[in-house]
4 protein chains.
Amino acid sequence: MKKIRKIGILTGGGDCPGLNAVIRAVVHTACRAGIAVVGIRDGYAGLIHKDVRPLALPEVSGILPLGGTILGTSNRDNPFQYAEPGAGGKVEHRDVSAQALKTIEYNEIDVLVTVGGDGTQIIANTFFEKHKLPVVGVPKTIDNDLNGTDVTFGFDTALNVATTAVDKLHSTAEAHHRVMVLEVMGRYAGWIALDAGLAGGGDVILVPEIPYRIEKVCDHIRDRAARGKRFSLVVVAEGAKPEGGQMVVARKVNDASDPIRLGGIAALVANQVEDLTGIESRYTILGHVQRGGSPTPYDRILASRFGYHAVEAAMAGKFGHLVGLRGNEIRTTPIQEAVAVPRRVKAGDDKVLVAKAVGTCFGS
Amino acid sequence: MKKIRKIGILTGGGDCPGLNAVIRAVVHTACRAGIAVVGIRDGYAGLIHKDVRPLALPEVSGILPLGGTILGTSNRDNPFQYAEPGAGGKVEHRDVSAQALKTIEYNEIDVLVTVGGDGTQIIANTFFEKHKLPVVGVPKTIDNDLNGTDVTFGFDTALNVATTAVDKLHSTAEAHHRVMVLEVMGRYAGWIALDAGLAGGGDVILVPEIPYRIEKVCDHIRDRAARGKRFSLVVVAEGAKPEGGQMVVARKVNDASDPIRLGGIAALVANQVEDLTGIESRYTILGHVQRGGSPTPYDRILASRFGYHAVEAAMAGKFGHLVGLRGNEIRTTPIQEAVAVPRRVKAGDDKVLVAKAVGTCFGS
Amino acid sequence: MKKIRKIGILTGGGDCPGLNAVIRAVVHTACRAGIAVVGIRDGYAGLIHKDVRPLALPEVSGILPLGGTILGTSNRDNPFQYAEPGAGGKVEHRDVSAQALKTIEYNEIDVLVTVGGDGTQIIANTFFEKHKLPVVGVPKTIDNDLNGTDVTFGFDTALNVATTAVDKLHSTAEAHHRVMVLEVMGRYAGWIALDAGLAGGGDVILVPEIPYRIEKVCDHIRDRAARGKRFSLVVVAEGAKPEGGQMVVARKVNDASDPIRLGGIAALVANQVEDLTGIESRYTILGHVQRGGSPTPYDRILASRFGYHAVEAAMAGKFGHLVGLRGNEIRTTPIQEAVAVPRRVKAGDDKVLVAKAVGTCFGS
Amino acid sequence: MKKIRKIGILTGGGDCPGLNAVIRAVVHTACRAGIAVVGIRDGYAGLIHKDVRPLALPEVSGILPLGGTILGTSNRDNPFQYAEPGAGGKVEHRDVSAQALKTIEYNEIDVLVTVGGDGTQIIANTFFEKHKLPVVGVPKTIDNDLNGTDVTFGFDTALNVATTAVDKLHSTAEAHHRVMVLEVMGRYAGWIALDAGLAGGGDVILVPEIPYRIEKVCDHIRDRAARGKRFSLVVVAEGAKPEGGQMVVARKVNDASDPIRLGGIAALVANQVEDLTGIESRYTILGHVQRGGSPTPYDRILASRFGYHAVEAAMAGKFGHLVGLRGNEIRTTPIQEAVAVPRRVKAGDDKVLVAKAVGTCFGS
């Protein structure tokens with residue numbers, strides 16, 4: 001096996017608290033093993049635009065508790081389908097992967113560590129399979145919906161932000177006899193809504209995996225009112241949808257044909273509940289607040305472990321693999337396997353059963 | 001002057017962190033002076049519906065750090081114009097103040113302490129002026145827009161919640177090169193937006209008092225981009241409005257004729273900025289999260305002082321007055337004077353000047 | 001198998017954020033299954049003193065986010081060796097277990113759920129083995145040192161408090177060029193120190209399981225100073241001890257013969273470092289602050305799952321067992337097995353390796 | 001008046017959350033006015049050692065929410081009495097102010113902005129009076145004991161940390177029937193203890209300005225126990241002292257002749273209370289945790305205003321003055337006047353009266 005002299009690292013997709021902890025651990029661990037590290041700016045975009053810089057200990061000093069990523073990230077940077085303005089202003093997609101590979105070669109990068117979600121990892125795997133590029137993946141998704149790991153860093157931080165919001169809404173809802181609707185992240189997987197609802201004692205939890213019926217939701221709220229509980233808290237994932245209905249996450253003005261879309265699912269649910277039960281309803285849309293801020297200790301530790309083991313995996317030649325947490329141990333999984341299907345909430349999940357046992361309604 | 005034997009206390013209007021600290025201080029201070037206290041449920045509604053109960057030390061034990069109000073509150077409880085379903089299902093407004101006065105008399109309440117905003121205090125003052133009811137007001141408004149006091153409790157807590165959100169958005173905005181729009185409370189006064197923007201280093205602050213021009217806002221964001229600042233943070237009060245424009249706070253489905261309304265000002269600004277600058281924009285609507293949770297130490301101390309001085313004012317016969325903070329001292333002001341005009345942000349306010357000096361744009 | 005009609009629940013030993021979440025989940029789950037619940041005050045003491053009261057849904061409403069335990073707890077309540085003042089004022093230990101059993105019988109408790117650490121569970125197991133009392137254990141230890149579960153609730157909360165302190169010390173240490181010593185909980189197991197040190201980027205971590213040499217610690221601090229790092233952060237478990245040395249946790253005045261004891265290990269380390277390196281050193285003793293406050297979402301969810309599964313285990317007749325987390329699943333283990341040996345930090349633990357890789361010194 | 005072209009800024013004495021906000025506001029405001037800024041490292045030490053560097057907008061980008069100070073600080077840097085190792089290793093104090101003045105002249109600093117407490121300001125004033133150096137002071141003291149301003153930045157942050165600790169101790173104290181003693185900062189002024197005690201509902205508050213009698217403290221704790229309150233919380237300033245007694249803050253091993261000193265006042269009080277009342281007592285020493293971390297919004301706003309007005313004062317030629325908050329306005333005061341006497345808690349202070357009214361004992 002070829003000795004590794006230089007590791008390149010990039011962070012792709014939506015940002016996530018803990019990315020800097022991964023970068024720091026990679027740099028420290030590599031440094032100890034006599035391996036140099038270079039950072040690639042803005043995900044794969046940095047490979048395309050040759051935006052690469054050395055990362056040594058001073059560059060990662062003090063970044064452990066910081067949110068965001070010192071490397072920047074990008075959502076639209078697939079080198080195999082790179083979007084560029086073409087003739088007549090129309091966007092065209094081209095394969096610029098050769099350019100990316102040239103940057104890797106020029107910078108003498110022996111192994112590429114890709115920190116990102118399924119989008120980022122599928123690209124990494126394509127480089128690995130088609131071009132034999134040695135890649136090691138580090139899973140990252142705020143929604144916690146990646147297979148190949150029990151948990152991803154960033155999720156605990158987002159959960160803390162969401163639960164803090166549930167706690168705060170509780171006191172004000174109680175004082176006012178209101179229904180409070182809190183929209184949290186999760187377009188396709190409802191883990192944040194489920195966990196924040198369970199942790200915060202939400203009365204209703206709506207997730208994309210369990211389509212809801214608004215009448216069920218209203219019945220539950222009315223039942224509570226009848227038992228003297230003068231308020232109810234609804235935690236709703238942005239991708240939640242009614243039985244037989246559609247997602248309503250888009251919020252552009254040009255969706256004006258469908259006015260509900262502008263306020264999202266939170267507005268829809270709050271309005272329907274108010275109309276059907278007659279109880280005043282208010283909503284909060286947490287949005288990117290959930291992605292920001294200093295990672296929790298849990299996330300910092302997990303991210304540090306991932307960074308350390310990514311370098312270990314690189315040195316062990318585990319290319320095309322993703323590091324991940326299995327129980328209490330860090331293991332690697334082939335990327336292909338990890339990204340095949342997302343990890344989604346199941347109706348029989350232990351946490352769903354527990355939530356139901358403590359009185360939560362899932363609207364189904 | 002008649003010796004006071006019993007004080008009644010109610011909390012009216014929107015809830016506010018610190019209400020429980022006021023109640024606790026009133027009960028303790030009265031208790032020490034040999035005065036009994038009764039609590040009236042849900043603001044003036046409790047007077048109308050005879051919902052009154054004794055408050056002694058055990059009832060207020062442990063409530064100091066709690067958000068909300070153990071007495072409940074109500075927004076629609078004006079005894080002089082009480083809304084009730086009349087003939088044919090139509091809502092009719094009647095004067096039921098006699099009923100309220102009867103409750104006061106029956107419960108032998110010598111002084112009524114009314115904790116609330118201008119709505120609550122105007123009613124209190126009407127009781128005082130028309131019916132000689134001895135009232136003492138304690139100012140409460142999350143928006144900090146009441147005259148008669150330099151600061152109201154609850155504001156510092158709301159400011160902390162809003163600033164935490166700004167801080168969190170910073171890291172994620174920076175990682176992604178985005179514009180983040182944060183909508184905070186403030187329909188008629190922009191204090192929360194101004195202070196959270198100043199404290200969080202917001203790049204743009206939009207308040208109701210300073211109508212904005214969206215082109216100015218976009219110019220500022222473009223200027224930042226040109227200087228290499230790849231993100232911008234916009235803090236917008238819910239009541240902010242464009243020059244010559246209208247407020248867009250209503251968010252009911254039946255406002256569907258005007259789809260913007262559903263997402264509020266945050267959606268409007270985010271969409272316009274994205275369309276005009278081409279930079280991806282996202283928004284967060286904090287909503288009632290700002291009203292909830294445990295009050296900050298500042299608010300707990302201020303609220304405790306207000307409670308203490310409300311009883312002192314009652315014993316000194318300062319009826320029809322409001323306690324308030326002036327510099328570092330608690331003083332009383334006639335309610336009438338305090339509620340005459342709201343305290344609003346002025347373009348020449350010191351904090352506006354400081355915000356401008358550190359590079360913030362107000363869109364004007 | 002006998003049908004269960006009533007469950008008794010007690011919380012024993014040091015308190016722990018999440019206890020109320022367990023109690024709430026037990027009551028809800030039992031209630032749904034038609035089982036009554038009674039709460040026993042102050043651990044086993046309530047059995048001895050007949051302090052038992054019904055727990056229904058209203059009693060557990062709103063307690064999910066609260067620290068402490070609504071049942072109270074006690075450290076000195078072993079019914080098999082109950083300490084009572086005997087003749088001549090001397091404390092005598094008596095077996096009052098018959099009295100405890102009588103309380104259980106009188107209250108028609110079919111199953112006793114014991115929430116507590118090894119002390120509490122050993123007593124539970126003795127009742128189970130000697131008296132055939134149907135018991136189900138729920139593990140609780142802030143130090144996370146119980147076998148039978150991968151993690152205990154309360155630990156994540158304590159870790160958050162400790163890491164917040166490390167973060168805060170960082171900025172002040174850096175401004176001043178100082179050594180900051182932070183003493184955290186952990187008499188026999190160093191998990192809080194290890195995790196808070198790893199999460200906070202501590203430069204030195206001292207745990208009971210890895211005896212330290214002060215010269216090694218000082219060398220590391222001097223090395224950092226030589227590299228321009230003008231400050232260092234030492235996270236020390238209260239039970240940490242020098243190679244060949246003793247614990248210094250006792251802090252009573254009557255330990256005055258050994259003055260170090262009064263300030264504990266934090267004072268000892270801070271003083272030695274200052275004397276040996278000449279760099280100003282300061283210390284913080286976090287103490288019970290780590291046990292207090294609202295549990296983190298992680299702890300609330302884990303505690304809720306434990307409570308739910310304790311009732312499930314009771315209904316399944318799994319007596320003499322402890323519920324616990326294994327990977328992502330809740331499983332039961334015989335109490336005897338779980339309490340046989342504590343779970344302690346090993347020098348080869350993955351987190352120790354990661355901490356070393358990012359530059360942390362363990363003093364050995 | 002001479003036109004100002006360059007401002008020098010230094011931060012002296014203990015660090016304080018908000019220092020970076022001052023620096024940022026000074027740089028922005030000066031920059032807008034066409035004035036250059038240079039930063040002096042480590043307080044006056046930077047003047048002595050010629051450690052001066054330009055501060056422009058990029059240097060202050062992102063520092064608003066950071067604790068500590070990007071300029072560093074120093075406690076032992078008085079240029080009029082500078083401590084240096086002399087002949088035979090003995091420390092000698094020399095006047096090196098000429099060297100400091102030379103650095104100012106060489107760097108063409110027109111005005112020196114000194115951010116610091118009384119020590120820092122007295123030195124600044126000596127430069128102003130003896131050497132006609134144009135100085136503008138910005139008050140900074142975590143203890144809030146400076147005259148010339150109603151409040152200093154950093155205090156609100158320290159108060160938040162201390163109150164959070166009181167809140168956390170509450171739940172654990174209640175579960176265990178214990179006395180918890182929390183030592184907070186304040187050697188000569190008890191503002192943090194007073195405010196944290198008031199905000200957290202402390203049962204006993206001990207401050208340096210009101211010498212206590214331990215019997216009074218124990219009587220209060222026993223009274224509470226008799227009323228069924230099974231726990232008590234004591235908030236004690238590090239400089240609190242018994243009637244006729246001494247401070248016990250020093251904690252060096254070589255104070256071993258007086259073992260109490262090692263654990264400080266917290267250990268002393270906890271031990272005495274336990275011995276006299278028989279109730280288990282525990283203590284926490286918060287230490288520098290109070291100085292660290294991100295400043296609260298209140299402190300960031302106040303610090304920004306101070307920075308802005310320091311530049312305004314410089315441009316207005318208000319040399320030898322200190323900016324400060326008076327009510328809601330920023331005013332300047334001659335430094336000499338401001339540092340003449342410290343601002344200390346008085347027995348008749350409104351907050352002391354309020355604390356007493358809600359049942360707090362001051363031990364006197």
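**Close-up views of a predicted model**

**View 1. Arg5(C) and its contacts.** Arg5(C) touches Ile35(C), Ala36(C) and Asp110(C), leaving aside residues up to four places away in sequence. The model shown here is predicted. Arg5(C) sits in the segment before strand S1 (6–11) of chain C. Is Arg5(C) buried or exposed? Arg5(C) has 12 other C-beta atoms within 10 Å. A residue with 12 or fewer counts as exposed, so Arg5(C) is exposed. Thr164(C) lies 159 residues from Arg5(C) along the chain, and 45 Å separates their C-alpha atoms.

**View 2. Helix H5 of chain D.** H5(D) covers residues 118–131, 14 residues in total. At 1.5 Å a residue, the helix should span 20 Å. The C-alpha atoms at its ends are 19 Å apart, which agrees. Lys132(D) follows H5(D), and its phi is positive, near 55 degrees.

**View 3. The buried residues of H5(D).** Which residues of H5(D) are buried? They are Asp118(D), Thr120(D), Gln121(D), Ile123(D), Ala124(D), Asn125(D), Phe127(D) and Phe128(D). The buried residues of H5(D) pack against strands S6 (111–116), S7 (135–139) and S12 (321–326) of chain D, and against helix H11 (335–339) of chain D.

**View 4. The side of chain C that touches chain A.** Here 35 residues of chain C are in contact with 35 residues of chain A. On chain C, helices H1 (19–32), H6 (155–176), H7 (191–200), H10 (297–315) and H12 (350–357) each supply at least two residues to this side. H10(C) gives the most, with seven residues. By class, the chain C side has 15 nonpolar, 10 polar and 10 charged residues.

Technical notes:
Residues numbered from 1 in each chain as written. Chains lettered and ligands numbered in written order. Predicted model: local features only at pLDDT ≥ 70, side-chain atom pairs only at ≥ 80, totals over all residues. Contact = placed C-beta atoms within 7 Å. Helix = DSSP H or I, 4+ residues; strand = E, 2+ residues; numbered from the N terminus. Nonpolar A, V, L, I, M, F, W, Y, C, P; charged D, E, K, R; others polar. Expected span 1.5 Å × (residues − 1). Buried ≥ 20, exposed ≤ 12 C-beta atoms within 10 Å, placed from the backbone.
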